[in-house]
Amino acid sequence: MGCASSIHISDRVVYHTGKESEDSPSPQQGNPVSGLPVKALNCKSTLTQVQFGPMKLLQDSLQVLLVFAKEDSQSSAFCWACERANYSCSLARTPESALQCFAQKHHHLVLIDHRHSRHFDAEALCRSMRALSCAENTVMVAVVRRPDREEVSIMPLINAGFNRRYVENANMMTCYNELLQLQHGELLAHFKLRAATSIFTALEQSQEAIQILSEDQVIQYVNPAYESMMGYQQHELIGKEIIEVPKSEKNKPDLLETINSCIHKGKEWQGVYYAKKKDGESIQQNVKITPVLGQGGKIRHYVSINTPLHDNNKSDTPSQRVQVQSQADMQANKQKERRKASLDVRSTTSRGSDGSSQRRHSSMARIHSMTIEAPITKVINIINVAQESSPMPVAEALDRVLEILRTTELYSPQLGTKDEDPHTNDLVGGLMMDGLRRLSGNEYIFSAKQPHHIPSQLTAPLSLNDIPPHIAQTMESEDCWDFDIFNLEAATMKRRPLTFLGLKIFSRFGVCEHLNCPENVLRSWLSNIESNYHSSNSYHNSSHAADVLHATAYFLCKDRVKQSLDPMDEVAALIAASVHDVDHPGRTNSFLCNAGSELAILYNDTAVLESHHAALAFQISTRDDKCNIFKNMERNEYRTLRQAIIDMVLATEMTKHFEHVNKFVNSINKPLAALDDNLDTEECVKSIVRSPENRILVKRMLIKCADISNPCRPLQLCIQWAGRISEEYFAQTEEEKSQSLPVVMPVFDRKTCSIPKSQISFIDYFITDMFDAWDAFADLPNLMQHLDNNFKYWKELDEQKLHSLRAPSE
């Protein structure tokens, strides 16, 4: 197509299309009305039915205005396209005739020729049209000349009032396809916006008092009935937070908490509530508060419908309303004593003293509102809501349905980032697009592959008793989260951080005892694994493996994690962390697939690196008895351990990131949060976290969080890791350009990239939801505080328009 981006204008001639006749212009003949200022040809009118929420809307044939001073192949192509699409089309030659025609017919779509400024000023014409009241929902398109050299900014067009831009292309099918995209995109959206006016008319006429709040509970609308009942004027309420409006003292002390707890979970609340009028009088109301889900399943508004409850008609109040309130009170009381404070919106947003954590919801709320959400997650949420008001037999049947859904492979997310930030788009594309293949002509076989071998003259690894004092000193705090891996890296001269840290951590967890493995074999194994990491990589080297091993060991010591896993699960996690990036070439999966590398061919462009890491780890381990830590294991036990290690390594692949997070929350966090305090909670917790399926989910979540925990490290460590991963991406971009390969993440250009923006995008898109969920399970307040601090740091740099890791003063 000739359309590069989205802003459109047109000069106006009405050209109604229908069946071709002798009078209809053919594509070859051009437009027969070129000598007239405005011309309209009749077309067959068609009605299209559009669903808008519960409304069914009938849309008439689209009215299109083309504004072209001169007849040429471009205007003729659009005329033909309108005829083909059965639109009502008008063609105008002058700004005056275009304005007059537009004022009469109120066209849905206007395309204005912006290529020849000597005929008329297209931007001035667009501004004149936008000044008319009928243009509020009109889509304006600018037809622009194809740029000779560099691409120009579209901001002048946007400022003039254009919605889209069409780069000239007289191909008829291209014009036709562009019109179809407009009809089913911008025009459909504007059509629904016009219908919304009728909805607000109904609200204005309603006799029930209606209030609409934003997701942050800021009052955005009240209708006249609400003004009359409460004594306020609109301007006194709109823009205020609901907490600023005086509350009645007649409500139960915990009623507001009950209401907030209910609606923040996406559930409707209905019951009796005392509101305080402007004059101070308390008025009893029947209230229904409904959360309204918007884009991505996130709560965007709360609609409150209030009806006065007078003493003489209390008996007329449906008893179920009071019953619903009492049920909500009971449910709230059950939740109060629960440890899951991090699942509550208020407790989560209170993290951090500077308020920066207000940007984050709880893990539950975040999962419900994720930008990318799997269809199965939406189904489970609907069933959960339906359960609460269902009879017992139905609720039990739904429980069985949920159990089936939670243990099947139905969680693949519908990927489609709505974020216009190129840093987010590039990160998501680069990390989640596995097997991307967009070759541009030159096949390039990735040649950075290094031979896998056990070095013939490895220095014998040291035992714990033989570790040099200066190295042992750097590992004294290895059981703390703030442990500085870079000190260990420097002490070992970047050669053996994984070996030394591995010796200490594996000893602490008794790995040799569980594997029935001599210590010298473990020492050889750690050395051989570390030797197959590439020290030339700025990020994916043995220091990163040691860092992930440290995080894994830290998580394994948390009470809830220990409660979930067996000792052999812990051994599997420690081994998986050590090998999870072995022989990483410092390039992404997409790069390897685009380059046609041997690994991509071997693994069919699917989870290329992760499959290679797992396979190579076992090749290194089993081909020489001197480093085979699995040699003395019983066959079935070895197979189980091997499968667990492979599963954890494959879980680090980012294409299934949201699948793993969704499964973890729906299968573990939600059932834990729903436990009844009247039951034997400890036994119920065990039954949830120790089921075979959920133990797998815990191990996957554990290694995923360990693998990308850099934003949750202390600030100086976070900054250094951010610099290292950026350097690796810069190098990949440079190699892609030098080899004429598709550039997977164009934003990572060394000269132009904003590292703060890339970190902000990574935290927002991948980290926050996952660590909220992991914190709710494992209780990690120190990590969440670091995350808040680091996000604030990157945000401050970005607000200063800085692209570097640190401010110049640092």
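These legends describe close-up views of a predicted model.

View 1. Strand 11 spans residues 269-276, and its partner, strand 12, spans residues 282-293. The two strands pair in the antiparallel sense, with eight bridges between them. Within this pairing, Tyr 273 stands opposite Gln 285 of strand 12. Five residues separate the two strands of the hairpin, and in the turn Gly 280 has a positive phi of about 95°. Strand 11 is mostly covered, with seven of its eight residues buried.

**View 2. The aromatic pair Phe 68 and Phe 78.** The whole structure contains 23 aromatic pairs. In the pair shown here, the ring centres of Phe 68 and Phe 78 are 6.4 Å apart and the planes are at 40°, so the pair is tilted. Phe 68 lies in the loop between strand 4 (63-67) and helix 1 (73-85), whereas Phe 78 belongs to helix 1. The two residues are ten residues apart in the chain. Both Phe 68 and Phe 78 are buried.

**View 3. The aromatic pair Phe 664 and Trp 774.** The ring centres of Phe 664 and Trp 774 lie 5.8 Å apart; their planes are at 55°, so this pair is also classed as tilted. Phe 664 is in helix 27 (residues 657-673) and Trp 774 in helix 31 (residues 755-778), and the pair links parts of the chain 110 residues apart. Phe 664 has a relative accessibility of 0% and therefore counts as buried. Trp 774 is likewise buried, with a relative accessible area of 0%.

**View 4. An aromatic cluster and a charge over one of its rings.** Ring pairs join Trp 481, Tyr 554, Phe 555, Phe 664, Trp 774 and Phe 777 into a cluster. Over the ring of Trp 481 sits the charged end of Arg 713, 3.9 Å from the ring centre.

**View 5. Arg 587 over Phe 591.** The charged end of Arg 587 sits over the ring of Phe 591. The distance to the ring centre is 5.9 Å.

View 6. Most residues other than glycine have a negative phi. Lys 494, which is not a glycine, has a positive phi of about 65°. Lys 494 is found in the loop between helix 16 (485-491) and helix 17 (497-508). Its relative accessible area is 55%, so Lys 494 is exposed. Asp 779, not a glycine either, has a positive phi of about 65°. Asp 779 is located in the loop between helix 31 and helix 32 (781-799). With a relative accessible area of 40%, Asp 779 is partly exposed.

Conventions. Residues numbered from 1 in each chain as written. Predicted model: local features only at pLDDT ≥ 70, side-chain atom pairs only at ≥ 80, totals over all residues. Heavy atoms only, no water. Buried < 20%, exposed > 50% of the residue type's maximum accessible area, 1.4 Å probe, protein only. Helix = DSSP H or I, 4+ residues; strand = E, 2+ residues; numbered from the N terminus. Pairing = 2+ DSSP bridges. Phe/Tyr/Trp six-rings, centres within 6.5 Å; stacked < 30°, edge-to-face > 60°. Lys NZ or Arg CZ within 6 Å of the ring centre and 35° of its normal.
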